[in-house]
Structures are given as C-alpha cells and as structure tokens.
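Me: I've got a two-chain model open and I'd like to learn how to read it. Could you walk me through a few features?

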Amino acid sequence: MAHHVLEMPVDEAQARALKVGDTVTLERTLFGIRDATLIAMFDRGRTTRFDLKGHAVVHTAPNVRKVDPRPGNACPYEPLCIGTTTSMRMERFTRPLMQRDGVRIIIGKGGMGQGTLDAFRDLGGAYLAVVGGAAALETTWIETIEDVDMDDLHPESLWKFRIKGFGPLLVTMDSHGGSLHSDVTAAAMARRDAILAKLGAVGPARA
Amino acid sequence: MQLDPNEVEELAKALYVRALKLLPPDIKRGFERLTRDETDSTARTILGTMVENIAVAERTNNLLCQDTGIPIYNVTIGRNVDFDGVALQAAIRRGCERATREHPLRSSVVHPITRKNEQTSCGVRIPIINVDFDEREETVAVEMIPKGSGSENGSFLQMLIPADGAAAIKRFVIDRVIECGGRVCPPTIVGVGIGGTSDLCMHLAKIAATRPLGTTCPDAEGARIEVELSEAVNELGIGPQGLGGRATSFRVHVEVAATHITMNPVAVNIQCHSARRAVGLITPGGVSFV
C-alpha cells in the first residue's frame, strides 16, 4: 500500500506501478472530460488541440464563472465547483482514449468495467477513485482553469486544470487485473442468498 | 392571502442555491450514525471525507456537489390562499433560470434528443413542478430538490404480478442495490414505491427517496418493509462509494398506494449521500426558510 505523488504527465512504467489499495496525489495538470466530450471525440471524429499523452482525465463537468482573460491566463473561466461524475457511462471510451490520445489515468467515481480493466492491462493505466459528491473539497485542489477546448459542448467541454495536491485518491483498478469494485460486487453477490433468506425472499435475480 | 408571483420567483431562486450549499440537518445526523456504526477503515475514511466536504462547502460558501441536478419544486398550497396557477408556474421557472444565470450554476439540463443545453437549468417540462394542497392556513410551502443524476440513473420499475408476492418486491430492491454498487454515490437513501399504476409507483419511489431521514412510511405494512430492508441493504458490504463497508444506505424508505387486483408493481429511485433539499414557507408575514 504505497503512496505515490505523480507530477503529470506520467509514463507507462509509472502507471503500471500503481496497484489497487495504493494512494495517489496528482500535481500540475489534470484534464476534465465526460459524456458529450467523449461522444464528440470518438463517435463524431473530433480531435482536441490538447496533448493528453501520459495525462490523467477526471470525469467531470464543472461549475464555472465567465471572466475576462487576465495576465498569465487567457482562459475566460474561473472555477466555482468542480467534482466528479459516475464513470461507468464512459466505459466504452477508455480504450480509444488511451490508444488514440495516450491517456494513462482515469479519475472518477463508482468504478468501471471489464473493458477498462482490459485496456489498463494492454496499454498500462489505472483508475483512481475520488469520493463522489465531495466537490467543495475537490475544488480546493484546483488552482485554476488553464484552458478549455470544445467549449461549444459547455459545460461538457474538455477542461485543462492546474492542480495542487489533488488527492489523496485510492487506486481501485490497476493494470494487473485488480478491481476493488468487482471484488465488492462479488462479495455482495456471495451474501445475497443469505440476506434474502432472512427476508423470506429467496429467488432468482431478474432484470 | 394573495400569493405574489414575485415572492415565489425570489424564493424559487434562493431555494435552488440554498439546497445546493446546505445539507439538511437530518442527513448530517445520518452521517453521524453511519460513522458510529462503521468498522471498515476505508469506509470510515470515505465517510470522514464526506463530512469534511459538508464543512468545506459551508466555510467556502460553495456547492456541496458539482451536480446541480434536475430541478424539482414541490409546492404545497394551504387553505385560504388565492393564487394564479399559471403565474405561479412561470414564477418558479424564472427563479430557477435566474439562480442558474446569476449565481452562476452549471446548467445540467439538455433536450433529450438534440442534447442541446439552454444554459438555464430549464427545458421542456423542466423544472418539474408538483403542486399539492394541505390544511395549513394561509401558507404556501415550496420544497426545492436538485436531484443528482448519478443516483437518478439508479431508477427501476418492475410490474410484478400478484403471484410473485411481497417476497419478489424485497428481492427486487436488494438486487437493484447490488446492481447499482458505487455508481449511485452511497451511502444512499433507497426510495421504494409499492403499488399504484406504473407512473404513480415511480413517483412514490421518488417521494420515498427524498423524504427526510427519521420519517416513517404512513402505511403500517410499508413501514415494516422499511425496517427489514434498511437492515438488509447494510449487510451487503457495498459501503460508501461502493468500496466496501457497512454504510451502503442511510435508510430504505417505502411509500405505498393501492393497486389493481392483477398488479404488483415495485419501483426503486435512489438518492445519493448529497441528499439535498431546501424548504421555504410563504405566509402573510413573509418568507421564511425551514
């Protein structure tokens, strides 16, 4: 159970060094991405002017305030509240995001599926769990919004954040086949029949 | 009392922001209870982060969660209130838009087919405005619920049949809680609707999911199922954020309605740990927050 401080971006070896149960704090740069951004990139063929190679993306769409560009920062937004959304909806985009754009780390909540786990194994990546809903706290880890791309999708734009001490986050999926999310689900399934027996409700699961 | 649409508009605006920033006291007490009973160390850390977040939001005057939700306004009109219903609905919509523009808030609402975001938190039939009536003299209560999507995506309806019995209702709830895992941002309030028509059953689940902690289903049979299922879901080991532990849910809430002789419907609607709501009252003396 190691703690890693990662100055973003990272390389494949650094991503593969992350193991389920480790904790991570990220420094420097983090990108925000979510449903509409990924649909635009991978279903509609759009590309970003950002270089995502070796970077981490957090599943988010922030609350921002429009501001005039100021010295040292041309981005017309300042952060108000930035938190993390449920990752599973973005499951089918993990592999192309890693393959085409070189993303190494995904930060989200609720975990992701087998496709993501396979992509981590094949390409070298990891999933870090944020405490969902703790956005006021998460916002204190973000220094500023450095840039934004695809802002016609606002608020589901591609955001570039400058971060300071983003974490600690728990590694819950790694490149070695480990997933705390599937472990917990398997344990719940193993308890299911005994719990249903106590309720007098034993029976097959139905969709 | 003559209801003033301007007063309603200002209240609708204030309640949206207030709901997003201040967690109700019953949910804070719920966190204390869950923390007391939690033995898993990861789960205790996560609960601690959630409680810290509530304090950070208050200290920094920030939103608890970035998800501004789908805005729901529950309006309850008491006795001897004169009101123009059309003006009332328009006032709530304006208040919701103004909160979004003036705070500003992220507009989380899009057209369901074009996915166009009007950046106003409003759209076709949104905000949801439910109107009901009660016995309070010259009182209008407005409850605002910004319903987060992570937990709203944990919504299910099953038209069971009478031969399935109440056992199938309980099994359905347990299986859906397992299926949702950490995606619905546990610890949750699991709202369960039993009976009615399909649409009423789903609405009952929403009423149950957004009911304050410490309240009980008014129907005795429903209340019994609440107790049983509340214990059962916290034995699954899903825990806060689905990362293991006891604290899967604050509570399972049940609401019931009579149903058809051929029907046995059950619905689940989940509320996340950021179980936000704010209530304001309009009386002849002015506006107050509950």
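This is a predicted model: local features need pLDDT of at least 70, side-chain atom pairs count only at pLDDT 80 or more; totals for chains, interfaces and linings use all residues.

Me: What joins strand 5 to strand 6 of chain B, and which way do they run?

Reply: The general idea is that strands of a sheet pair through backbone hydrogen bonds, in either a parallel or an antiparallel sense. Here, strand 5 of chain B (residues 188-195) is joined to strand 6 of chain B by 8 bridges, and the two run parallel.

Me: In what order do the 4 strands of that open sheet in chain B come?

Reply: The order is 4-7-5-6 in chain B, with mixed pairing. At the edges sit strand 4 (155-160) and strand 6 (249-257) of chain B, each of which pairs on one side only. From one strand to the next, the twist averages 15°.

Me: Which helix lies across strand 5 and strand 6 of chain B?

Reply: That's helix 8 of chain B, residues 220-233. Its direction is at about 155° to strand 6 of chain B.

Me: Let's move to chain A. Which strands pair with strand 3 of chain A?

Reply: Take one neighbour at a time. Strand 2 of chain A (residues 23-33) pairs with strand 3 of chain A in the parallel sense, over 3 bridges. In that pairing, A:Gly32 has A:Val58 as its bridge partner. Strand 6 of chain A (residues 105-108) is also joined to strand 3 of chain A by 3 bridges, again running parallel. There, A:Ile106 in strand 6 of chain A stands opposite A:Val57.

Me: Are the residues on the two faces of strand 3 of chain A buried or exposed?

Reply: Look at each face in turn. Strand 3 of chain A spans residues 56-59, with A:Ala56 and A:Val58 on one side and A:Val57 and A:His59 on the other. All of these are buried, and both faces are covered.

Me: Now helices. At what angle do helix 2 and helix 3 of chain B cross?

Reply: Roughly 160°, with the axes coming within 10 Å. Angles over 145 degrees count as roughly antiparallel, so helix 2 of chain B is roughly antiparallel to helix 3 of chain B. The crossing is left-handed.

Me: Which residues meet between these two helices of chain B?

Reply: From helix 2 of chain B come B:Lys28, B:Phe31, B:Leu34 and B:Thr35. They meet B:Arg44, B:Leu47, B:Met50, B:Val51 and B:Ile54 in helix 3 of chain B. By class, the residues of this contact are 6 nonpolar, 1 polar and 2 charged.

Me: What about B:Asp26: which residues does it touch?

Reply: B:Asp26 lies in helix 2 of chain B, residues 25-37. Leaving out residues up to four places away in sequence, B:Asp26 touches B:Pro212, B:Leu213 and B:Gly214. B:Asp26 counts as partly exposed because it has 15 C-beta neighbours inside 10 Å.

Me: Last one: how many residues of chain A are in contact with chain B?

Reply: Count each side separately: 44 residues of chain A contact 44 residues of chain B. On the chain A side, the elements giving two or more residues are strand 4 (63-66), helix 5 (135-139) and helix 6 (180-198). Helix 6 of chain A gives the most, with 12 residues. Sorted by class, that side of chain A has 23 nonpolar, 16 polar and 5 charged residues.

Key. Residues are numbered from 1 along each chain as its sequence is written. Chains are lettered from A and ligands numbered from 1 in the order in which they are written. A residue is buried if 20 or more other C-beta atoms lie within 10 Å of its own, exposed if 12 or fewer, and partly exposed in between; C-beta atoms are placed from the backbone. Two residues are in contact if their C-beta atoms, placed from the backbone, lie within 7 Å. Two strands pair if DSSP finds at least two bridges between them. Axes are lines fitted to C-alpha atoms, for helices over the stretch in contact, and angles run from 0 to 180 degrees between N-to-C directions. Angles under 35 degrees count as roughly parallel, over 145 as roughly antiparallel, 65 to 115 as roughly perpendicular and the rest as oblique. A crossing is left-handed if the near helix is turned anticlockwise from the far one by less than a right angle, and right-handed if clockwise. Ala, Val, Leu, Ile, Met, Phe, Trp, Tyr, Cys and Pro count as nonpolar, Asp, Glu, Lys and Arg as charged, and the others, Gly among them, as polar.
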